[in-house]
Each structure stands twice: as structure tokens, then as C-alpha cells.
Amino acid sequence: MRGWLLLVLLVGSSSVALAADAARGGVVASVRCKQCHHLDSHARSIGPGLLGLYGRAPTITGVPFDIWDAVSLDLWLTDPRAVKPNTRMAIPPINARDRADIIAWFEQQRSR
Ligand code: HEC
């Protein structure tokens, strides 16, 4: 019985430790996205400005999404070419933790 309780506690705490970290995501986004996107403006750079990204419709054509949210952004950032074969957004893979943190940061920016 006590063994089960311990297991439940351990599983519970590890999921807290894995929760997305928006502050870290902002740092990762600066490193991984800023070379091609303004993060604080709607102005186009190599790609569209990403200010207000979370919760708005895509400005690019050819993606099967109505809205940029946690699901569509995770698909896009996992492999843009899998979503839109001829896209010009070519990036090295972003691991799951970095994607989750980047998306949490965009979601946090939504209210600003
Ligand atoms: C090498 C340049 C490059 C990098 C790095 C890059 N992108 Fe892009 N991104 C683009 C281009 C170019 C487009 C337009 C793609 C198209 O029209 O198919 C785009 C489009 C997008 C869009 C669609 C925007 C809209 O208004 O619909 C999102 C979202 C996006 N990028 C997010 C990101 C994020 C987040 C990062 C960092 C993790 C990132 N990109 C890194 C070049 C880049």
C-alpha cells in the first residue's frame, strides 16, 4: 500500500517538474526564431512577425490550421515541411522540451 502511495507521489512531482517553462521558452525563442522573425512586431523579416501569434489565424498560406494554438504550433515546430511541403521555413529539429517552452512563452505573450 505504501509503495503505491510513493509511486503516485513520484509520478505527480515529475509531471510538475516537466511543466512548460515560459520564461525559458522566451530565451529559446530568441535563439531559435529571431534570426528569421521579429518576436515583438508584426513586421515581416525573413518570415512573418510573430507578435500576437498565439490565438490568431495563420497569415501564411498552405497550412491546414484555423488558429495558431498549442496543437498547431507543436506540429509546425516539429517539422514545418511535414505540414507544408514547399514552405521556406527550414529549421533544424527542435526538441519536445524546447517546443513546449516556446509555445508556453507565446501563450503568455498573448495577454500583453
Ligand atoms: C531560417 C528562418 C526561420 C527560422 C529560424 C524560423 N522561421 Fe518561422 N518562418 C520562416 C518563414 C520563411 C516562414 C514563412 C513560411 C511560409 O510561408 O511557408 C515562417 C513562418 C512561421 C510561422 C507562420 C506565421 C503566420 O503568421 O502564419 C510561424 C508560427 C513560425 N514561422 C514560427 C517560428 C518559430 C516559433 C520559430 C523559432 C522556434 C521559427 N519560426 C523559426 C522562417 C523561419
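Biologist: Where is Pro 85 found?

Modeller: Pro 85 is found in the loop between helix H4 (80-83) and H5, where helices (H or I, at least four residues) and strands (E, at least two) are DSSP runs, numbered from the N terminus. Before we go on, please keep in mind that this is a predicted model, in which local features need pLDDT of at least 70 and side-chain atom pairs count only at pLDDT 80 or more, while totals for chains, interfaces and linings use all residues. Residues are numbered from 1 along each chain as its sequence is written.

Biologist: Is Pro 85 buried or exposed?

Modeller: Pro 85 is exposed, because it has 8 other C-beta atoms within 10 Å. The rule is that a residue is buried if 20 or more other C-beta atoms lie within 10 Å of its own, exposed if 12 or fewer, and partly exposed in between, with C-beta atoms placed from the backbone.

Biologist: Let me step back, how many helices and strands does the protein have?

Modeller: The secondary structure comes to five helices and zero strands, so that, by the DSSP runs, the pattern along the sequence reads α-α-α-α-α. Of the 112 residues of the protein, 15% count as buried.

Biologist: How long should helix H5 be, and what is its span in the model?

Modeller: Helix H5 covers residues 96-109, and at 1.5 Å a residue its 14 residues should span 20 Å, which agrees with its end C-alpha atoms being 20 Å apart. The expected span is taken as 1.5 Å times one less than the number of residues in the helix.

Biologist: Which residues of H5 are buried?

Modeller: The buried residues of H5 are Arg 99, Ala 100, Asp 101, Ile 102, Ile 103, Ala 104, Trp 105 and Phe 106, and what covers them includes helix H2 (22-32) and helix H3 (70-78). Arg 97 is also found in helix H5, but Arg 97 is partly exposed, with 14 other C-beta atoms within 10 Å.

Biologist: What is in the largest nonpolar core?

Modeller: That core has 13 residues, and those with the most contacts inside it are Ala 29, Leu 53, Ile 102, Ile 103, Ala 104, Trp 105 and Phe 106. H3 and H5 each supply at least two residues of this core, and its largest share, six residues, comes from H5. A nonpolar core means a set of buried Ala, Val, Leu, Ile, Met, Phe, Trp, Tyr and Cys residues joined through C-beta atoms within 7 Å. Ala 29 touches Leu 39, Ile 102 and Trp 105, not counting residues up to four places away in sequence.

Biologist: Now the ligand, which residues come nearest to it?

Modeller: Of the 25 residues around the ligand, Cys 33, Cys 36, Gly 47, Thr 87 and Met 89 come nearest, where a residue is near a molecule or strand if its C-beta atom, placed from the backbone, lies within 6 Å of it. H2 and H3 each supply at least two residues of this shell.

Biologist: Where does the model have pLDDT under 50?

Modeller: pLDDT, the predictor's confidence in each residue from 0 to 100, stays under 50 over residues 9-16, for which the model has zero contacts beyond four places in sequence. The protein averages a pLDDT of 89, and 82% of the residues score at least 70.

Methods:
Two residues are in contact if their C-beta atoms, placed from the backbone, lie within 7 Å.
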